[in-house]
Amino acid sequence: MIDELISKMTLEQKAAQMIQVPVAMVGMEKAKEWARKGVGSFLHVLGDDARELQRIAVEQSELKIPVVFGIDAIHGHCLNRNATIFPSQLAMASSWDRDLVRRVGHATAAEVATDGLHWTFSPVLCLGRDARWGRINETFGEDKYLAGELGASIIKGYQGDDLSADDSVLACAKHFIAYGEATGARDAYDTEVTYRKIKDEFLPPFKKAVEAGCATFMTAYGSVDGTPFTIDRKTLHNILREELKFDGFLITDWDNVNALIRRQRVCDNIGDASALAAKAGNDMIMCSTEFYEGIIEQVRSGKIEEKYLDEAVRHILTIKLRMGLFEKPDKKGVPGSIGCEAHRKTSLEAARKSITVLKNDGILPVNKKNIRRIAVIGPNADDIRAQYGDWTYFTHPVPGRFTEPQRPYVTLLEGIKESLKDSDIEVAYAYGCSVNGRGYYKGDYPDTGAFMEQVYQDNSHDNDGSKEMPYINEAAEIAKKADLIILALGDNYNQAGEYNDRADLNLSGMQEALVRILSTMKIPIITVLISSKPLAIPQIVNWSDAVVCAFNGGMYGGQAASEAIFGDFNPQGRLPISFPVMTGQVPVYYNQFPGWHEGRYVDCPKEPLFAFGEGLSYTWYEYSNLKFDKETKTVSVDVSNKGSVKGVETVQVYIDDVVSSVMTAVKNLAGFDKVELEPGQTKTVSIKLEDDSFSVVLPDETRVIEPGEFVIMAGHSSKDEDLIKLSVEL
Ligand code: BGC
């Protein structure tokens, strides 16, 4: 059927099929023209507007090929304010829970499909190794194995077993590749990588995405040794198609073809840019609608053979066929699923499982009997925008849609009040200061224009702290009368996401000053970090009796943090990313190569503030009896719960390849599993390792296992003191 269809298509129809039009940018009238012309896809359009465009495509375009609709449903179908909002990908990664992440993907797919859409541009499989990067929150953290496992899980959740099912949408592994490596963590900058490094460090999660059946991939903004990925056939064709055997379709990122002219400056006209992008292996072109004229002109003038277009269109139509789009152009979805109770329950579960306790001097879980008055203080205690972070209807408003906060959600302040509703404990609240160092503004945003104005203002870098003093004073007054202070600090959505990288990972605005003042009162402080990323907060950690990391916890992030504080559940989160002591210490990811001169600065410790895999619980675990079966490459280890409450431990296995012909990291995560243990209980946990975990990528870019000594490590975190070790010869 595909061959027959392609044989009927004119050059114009093939070019149109390769284009994805941004409806939010061009407006509905232009979008309708594109639908009549036989466009391949639209993005950023919801509900009835999407259905109308589809109707035009299947009734009024000549070949009646249905359109595929894409959306950034990054942590839930979050551009629709009625949808379930899950924790950010980074927060969810703290759960280290494959099945949970799969269920989040499945719930999101049902909601996206119910809005008439077919495709989410998720997951991000780039590694988050430099916390200055604005998009850290979209990653599964710094480790390739963890990112690959959770990435494969969410892809299976989005797509299910059958792309044509009502509750399935296409996943999109992005951004291919090494986007997280942008120089200086400046979003979308040049990338300092080599092919060997790409294959060794950045390809593994994408390989797992292909193995999980991921239907689409997205090209990255960066470049490899001066060649933009958009035109790098080696990456997009040789590696992706020939080596990984990817059989879906590849879309560029936003306006990548025009960027070849305007930003990357490797061509000076749209014809050349279009031909280069098509020859490299991009199947669909996001936003650069000029590609349409550009590629037609290039084929006509004999500068590119039409077979490249045939190939691209074949990839697109094959997925459309597998989705059953020709019989069912409108996704039915699961009526009633948008924001439904079952999905919200999953969101709460995800929020709970991502809560990570980083410090506890013994105050947690808080014993309600010892407390009479709690002061809840801080800019993020009652700010749902900060709790949600990036990629929601606040940050990416779809024109004509509302952007004011939509219930249900629970902020930390609300969660604490709920946790204490049956007690005599009084809760007092003070805002404290803003994260941006600016006057507090709690307006509603009735329309997109006013909203963008506010975003613009929040983004300007006016740090006049003196404006904040009245709020800090108010907070101090309230704190004085309390016997426990719960602080909610962090960042806000305008410090996260595209364009929003940070050169300074300290708490912004007057937040540190606020804590300094409160810390002089000798009242216990519990700090809850509601942020898009790790922040450099050694002082805050010193001044706090406990630190709880919630990242962007989604609609129930506040409830989950409060429940963890009061011991309603035993926290099980583990950091998917290391925290730096200070900004100059980044990148501080755990699996670096050994250095010669100890790899430390004269003015900063070598170790991170908190390491990959760290996270406390209200019990503790002991590891013993580490074994390794060479035949099956299976590690087994006994894990005992030594405390007095039930807990869930994340058993982490690392490998050190002691001597190899290329340098390797000091250790690499090679497996993990979660185990629930009653107090006093011991279980033997067996984890099968993959061959790839023992391999290295040689200078000629081949992956091999080199025989010799390997150290197998198992334990509670990536820190040496948390691991027991075993040396084996392979
Ligand atoms: C981002 C992608 C996103 C796309 C569509 C781009 O700017 O890099 O991650 O999917 O926009 O919104």
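Q: How many aromatic pairs does a search of the whole structure find, and what makes two rings a pair?
A: The search finds 22 aromatic pairs. Rings of Phe, Tyr and Trp (its six-membered ring) pair if their centres lie within 6.5 Å; planes under 30 degrees apart count as stacked, over 60 as edge-to-face and the rest as tilted. The model is predicted: local features need pLDDT of at least 70, side-chain atom pairs count only at pLDDT 80 or more, and totals for chains, interfaces and linings use all residues. Residues are numbered from 1 along each chain as its sequence is written, and side-chain values use heavy atoms, leaving out hydrogens and water.

Q: Why is the pair of Trp96 and Phe672 called edge-to-face?
A: The ring centres of Trp96 and Phe672 are 5.2 Å apart and the planes stand at 80°, so the pair is edge-to-face.

Q: What makes this a link between distant parts of the chain?
A: Trp96 lies in the loop between helix 5 (89–93) and helix 6 (98–114), whereas Phe672 belongs to strand 20 (residues 668–677), 576 residues apart. Helices (H or I, at least four residues) and strands (E, at least two) are DSSP runs, numbered from the N terminus.

Q: Which residues are closest to the ligand?
A: The ligand is surrounded by 14 residues, the closest being Asp72, Arg135, His175, Asp253 and Glu498. A residue counts as near if one of its heavy atoms lies within 4 Å.

Q: Which peptide bond beside His175 is cis?
A: The bond joining Lys174 and His175 is cis, with omega about -5°. His175 is placed in strand 5 (residues 172–176). Another cis bond runs from Phe176 to Ile177, with omega near 15°.
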